[in-house]
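Please work through the exercises below with the sequence and the three-dimensional view open beside you. Try each task on your own before you read its solution.

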Amino acid sequence: VTVRHGPLLLLLLFVFLATGTAAQELSFGEGGWLQVSNLLEFQAGRDPTLDSDELTRQFDQFILDYLQGDLRLGLRAEFYRDSIQPEFGDADYDQITQKYAEWSRPDLRIRVGNGYAILGRGLLFRAFELPGVVRDAIFPRARYAESRDLEGVIIEGRRGPLQLLALSGRPVENPDAPYGADEVLPRRDGTVSGGRLGLQLERGIVVGASYLRADGIVEPGTEDLSGVDLSLRLDPLLAALGAQGAGLSFYGEYAGRRWQPFTDGLSTRDGRPHALYTATTLAYSSWGLSFETKRYHQFDLRINDPPTLVPEISYHLLNRMTHFLLTSDEQGAQLSLQGRLPRGWTLDLEWATARNRLLRNGRYELPKDYRLLYLSLESSPMADLQLSLFGAIGKDKFEGITHHHALGLQAQQVVRDGWALVGEFEFQQAERRIATTLINEKQRYDEIFTTLGISLAGHGTLAFQAEFSNDPAEKDDPLTFDVVEDDPRAWYGGVLDLQLSDRHRVTLFAGDRRGGTACTSGTCYEVPDFSGVELRLTSRY
Amino acid sequence: MRRVSSGKHCRMDRQPLRSALVLALLCALPPAFLGLPVAAAASGTQASRGELLASGDALLEDLGRAPDFTLRTLQGDRIRLTEALERGPVILDFWATWCRPCRQALPQLQALYERYREAGLTVLAVSVDDPRSQPKIAPFARSQELTFPILTDGEKRAGRLYRITAVPTTFLISPEGRIVALHRGYRKGDIMLLEKQVRALLDRLPTPTAESKES
């Protein structure tokens with residue numbers, strides 16, 4: 001996919017320019033048209049890995065699609081430049097990172113080139129992207145769009161009770177993703193081929209079987225990966241029991257490496273690589289509940305992405321206090337309960353538990369537990385006021401966090417004609433235990449995150465944010481490599497998010513950004529510290 | 001995998017990139033700002049930009065064709081955008097269960113839907129939750145008593161067609177299949193603007209007959 005061709009990309013941008021200025025929509029023949037979008041990012045500031053105050057970086061992602069009837073042709077190009085001297089690792093690039101052709105009807109889709117697909121719930125295979133997320137590689141420093149595609153052929157269809165998904169190709173990360181970008185598990189080299197066949201037995205009952213032949217993981221040669229799944233809708237059962245209007249469904253999936261279904265069964269024994277996932281959902285009146293379980297063992301396939309069952313909380317401090325799924329050995333469960341309370345309050349309760357075991361002397365032992373209990377309440381006590389409250393308590397011993405609790409409040413008040421004030425306050429207290437042969441100590445620390453902003457509907461938002469932490473692990477500012485600090489840290493920043501027009505949006509950040517974990521769309525990744533100015537311009541035609 | 005370019009090579013590449021970035025910035029400027037003419041949009045059965053602007057309502061703008069798609073509801077039924085548009089305007093909302101602003105916006109959309117359903121408004125809420133988090137969609141929809149169709153787009157097929165890079169993103173689509181308003185993000189107050197846009201769009205449509213209402 002890697003094409004290093006500046007002039008070609010320049011030509012495409014000329015087309016983009018022509019599209020943008022001469023016609024708001026570029027049409028071709030009967031029913032065909034071009035869609036163009038662009039994401040441009042510019043950063044100027046300091047970098048934690050470099051002894052330089054004059055870092056500038058530009059990243060641009062350009063997406064072009066041609067649509068005509070059931071046909072879609074597209075490509076994605078990315079550019080990156082920085083002011084880092086080559087001796088520190090030059091990562092500049094300009095590449096076409098994706099190209100594809102897709103023909104789709106309601107019951108049939110054929111895609112050639114870069115594409116995305118998931119088998120079942122992702123126990124065996126998932127190729128995906130995180131739209132709009134621009135990530136940082138640590139060394140050499142570079143920015144790139146998060147994408148884990150399949151480069152090959154994907155065919156998906158339904159006919160009567162049959163469902164088919166077939167795929168063959170090469171699992172790829174964004175080719176620009178520098179080494180180390182996917183710190184834990186890079187995609188595997190080689191190719192994968194296979195798919196899933198589903199059969200609807202009755203309305204609401206679907207059974208499926210998946211198979212993949214993959215090569216190039218750790219061991220040489222190919223290996224067989226396979227699984228089965230079952231999906232049930234049990235509403236009629238509830239109706240028969242007198243619970244009219246209630247909804248009940250179940251989904252279960254089991255997958256194994258080198259799995260012999262008739263001799264191994266649905267084995268969950270240690271030493272037998274497997275993944276087991278179940279989900280049960282129940283809905284009644286204005287209440288809904290889901291309960292999911294997971295058991296993954298020796299299942300880091302580097303092409304899969306099974307459900308994490310770790311709640312993704314969008315409140316800032318809890319979003320970064322997350323748990324990374326370890327498919328080498330993890331089991332657990334998640335329960336979500338949502339419903340309506342009197343006086344217009346809505347409730348969201350999340351409970352999650354997980355246990356990791358580490359491999360030592362050939363045995364899986366040393367359990368490390370993760371827990372989270374999260375409760376959120378929301379209401380509009382007055383027509384122009386939206387109020388959200390949350391509280392959480394948990395631990396993640398794999399990360400050394402023996403206890404943490406957090407609470408917060410967010411309020412939005414409409415003041416007049418689309419103008420609204422937005423305020424948020426979050427507080428978290430945590431305890432970390434560091435136990436090695438030389439050190440055995442407990443660290444307690446507090447964190448505060450607060451924002452205050454004003455927004456105008458349809459135009460944008462201006463917000464100021466401040467974050468404070470006395471976490472001993474973060475006292476030394478990574479942005480001042482040669483100075484050892486020992487004071488609590490503070491990060492201040494401002495964000496201006498402006499809708500220039502319906503086609504263009506600009507986001508300007510100025511200040512300090514705290515590094516750490518961030519989670520988007522169920523996927524978590526590391527964000528490095530940054531101090532300076534960041535401009536992001538998104539355009540679509 | 002990754003390609004590391006030499007410094008010399010990079011300097012040679014720097015020039016086109018700089019030009020490209022300047023061009024990209026120029027592209028971002030509205031055509032009118034550059035003093036260039038804006039041509040009419042597609043022909044055929046689609047309404048043109050000129051027709052929409054002739055409605056004289058500054059609340060609505062022609063943002064291009066709304067790509068057609070077919071997605072399944074939580075119950076497994078298929079819904080096609082063009083079929084929904086036959087009944088009137090469509091609010092197309094992309095959301096996810098893990099997105100707090102989305103969760104705040106959906107009950108507001110439900111209220112809007114209840115107010116204008118009789119006038120022909122349809123709301124399609126497209127969940128971009130990946131299949132791994134889809135068990136959370138139905139409980140949430142039930143808890144909020146959402147009655148409009150919830151569509152699942154775990155593989156983001158519609159999401160990619162509509163260039164969704166953040167949620168919530170909400171489109172208002174005219175019965176002719178043109179995107180006439182776009183909202184990114186949600187803040188208290190956004191729904192009031194959307195309601196004005198819905199009203200402006202409904203005002204320029206012919207009053208639905210009893211026959212079309214039934215269909």
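The exercises that follow go from whole chains to single residues, and each has a worked solution.

The structure is a predicted model, in which local features need pLDDT of at least 70, side-chain atom pairs count only at pLDDT 80 or more, and totals for chains, interfaces and linings use all residues. Residues are numbered from 1 along each chain as its sequence is written, chains are lettered from A and ligands numbered from 1 in the order in which they are written, and side-chain values use heavy atoms, with hydrogens and water left out.

**Exercise 1. The two chains**

Task: Describe chain A and chain B by their helices and strands, their share of buried residues and their contacts.

Solution. Begin with the elements, where helices (H or I, at least four residues) and strands (E, at least two) are DSSP runs numbered from the N terminus. Chain A has four helices and 29 strands, while chain B has eight helices and seven strands.

Next, take burial, where buried means under 20% relative accessible area, exposed means over 50%, and partly exposed lies in between (1.4 Å probe, protein chains only). In chain A, 53% of the 541 residues count as buried, and in chain B the buried residues make up 56% of 215.

Finally, turn to contacts, which are heavy atoms within 4.5 Å. Among the contacts of chain A with a separation of 6 or more, 55% are between residues 24 or more positions apart; in chain B, 71% of the contacts between residues at least 6 apart in sequence join residues at least 24 apart.

**Exercise 2. Confidence in chain A**

Task: Find where in chain A the pLDDT is below 50.

Solution. Recall that pLDDT is the predictor's confidence in each residue, from 0 to 100. Chain A averages a pLDDT of 86, and 87% of its residues score at least 70. Over residues 1-5 of chain A, however, the pLDDT is below 50, and this stretch has 20 contacts in the model beyond near neighbours in sequence. Residues 18-24 of chain A also stay under 50, and for them the model has 19 contacts beyond four places in sequence.

**Exercise 3. The disulfides**

Task: How many disulfides does a search of the whole structure find, and are the cysteines of each buried or partly exposed?

Solution. A disulfide is a pair of cysteine sulfur atoms within 2.5 Å, and the search finds two over all chains. One joins A:Cys519 to A:Cys524, with an S to S distance of 2.1 Å, and with 100° about the S-S bond this link is right-handed. A:Cys519 is buried, at a relative accessible area of 9%, whereas A:Cys524, at 22%, counts as partly exposed.

The other is formed by B:Cys99 and B:Cys102, whose sulfur atoms are 2.2 Å apart. The torsion about their S-S bond is about 85°, so this disulfide is right-handed. Both B:Cys99 and B:Cys102 are buried.

**Exercise 4. Backbone exceptions**

Solution. Most residues other than glycine have a negative phi, and most peptide bonds are trans. A:Arg302 has a positive phi of about 70°; A:Arg302 lies in the loop between β16 (287-297) and α4 (316-320) of chain A and counts as partly exposed at 26% relative accessibility. B:Arg163 has a positive phi of about 60°; B:Arg163 is in the loop between α6 and β6 of chain B and counts as buried at 13%. The cis peptide bond joins B:Val167 and B:Pro168, with omega about 0°, and B:Pro168 is placed in the loop between α6 (157-161) and β6 of chain B.
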